[in-house]
Amino acid sequence: MTHPLIQSIQTRRTTQLFDATRPIDDSQIEALVSVATTAPTSFNLQNWRFIAVRTQPEKERLRALAWDQVKVTEAAVTFIVCGQLADAGVMAARLAPSVEQGFMPAAMVAGWEGAARSLYADQPQRQRDEAVRSATFGAGTLIQAAHALGLGSAPMIGFDAEAVAGAFDLAADEIPVLLLAVGHPAPGNWPQKPRRPLTDVLTLR
Ligand SMILES: Cc1cc2nc3c(=O)[nH]c(=O)nc-3n(C[C@H](O)[C@H](O)[C@H](O)COP(=O)(O)O)c2cc1C
């Protein structure tokens, strides 16, 4: 496949070594998160938040809660990608722009809200699964956007989730799903590692 988007996906690799001398500015951070938020979420709930940790003291505070991983401070920014517990109560507000733009009939909103309520109400596991799914889609899209702009990225689960939630003021309904370091890569990063053969991971039925 020779499509430029496919080539970009295929050449992304996880960056371990960042050039700590090259920051990225807040407008680039905003551009990256703006692209990330085009990822799909259940009912367009958009149940996520991206905390961009980009000052040295804040990065050091985060690194101390993230197994002292050097990339947390060497990368220009380390995002705390948060998922929010799925809640049908926010649905009307999240769908209002689609109604305003005229493609979603206003009468349809109550139906979506009811479906979401029956799916998530009193279902803590499902609410949490949805938070993790949404944040993961957002992070995945952010990773690809960063690569397309020549930036490297490193997703991380190596951190103390409870401590990060406390130290960075996450709300009670927010889960720090993963950390994502983004910045200019330094020389010496490995290429993308080989993947398992398709015969191991694809089932055609
Ligand atoms: C959910 C998740 C958590 C990860 N956590 C860490 C981490 O805490 N520290 C780390 O150095 N790499 C971490 N990684 C990076 C993986 O090791 C890396 O993406 C994998 O080896 C594939 O690398 P590649 O995409 O460059 O081929 C994580 C990746 C994912 C997707």
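Me: How far is a polar side-chain atom of arginine 12 from an oxygen atom of the ligand?
Reply: The distance is 2.8 Å. Keep in mind that this is a predicted model.

Me: OK, and what about lysine 193?
Reply: An N or O atom in the lysine 193 side chain sits 2.7 Å from an oxygen atom of the ligand.

Me: How much of the ligand does the protein bury?
Reply: 65% of the 630 Å² that the ligand exposes when taken alone.

Me: Which residues come nearest to the ligand?
Reply: Arg12, Thr14, Lys71, Lys193 and Arg195, out of 13 residues around it.

Me: And how does that shell split by class?
Reply: It has 5 charged, 5 polar and 3 nonpolar residues.

Me: Which way do strand 2 and strand 4 run, and how many bridges join them?
Reply: They run antiparallel, with 8 bridges between strand 4 and strand 2, residues 77-84. Isoleucine 80 is opposite leucine 179 of strand 4.

Me: How many bridges join strand 3 to strand 4?
Reply: 5, and that pair is antiparallel too, with strand 3 covering residues 152-156. There, serine 153 faces valine 182 of strand 4 as its opposite number.

Note on methods:
Residues numbered from 1 in each chain as written. Predicted model: local features only at pLDDT ≥ 70, side-chain atom pairs only at ≥ 80, totals over all residues. Heavy atoms only, no water. Pairing = 2+ DSSP bridges. Helix = DSSP H or I, 4+ residues; strand = E, 2+ residues; numbered from the N terminus. Near = heavy atom within 4 Å. Polar contact = N/O pair within 3.5 Å; in protein donor to acceptor, adjacent residues only side chain to side chain. Areas by Shrake-Rupley, 256 points an atom, 1.4 Å probe, with all protein chains shown as cover. Nonpolar A, V, L, I, M, F, W, Y, C, P; charged D, E, K, R; others polar.
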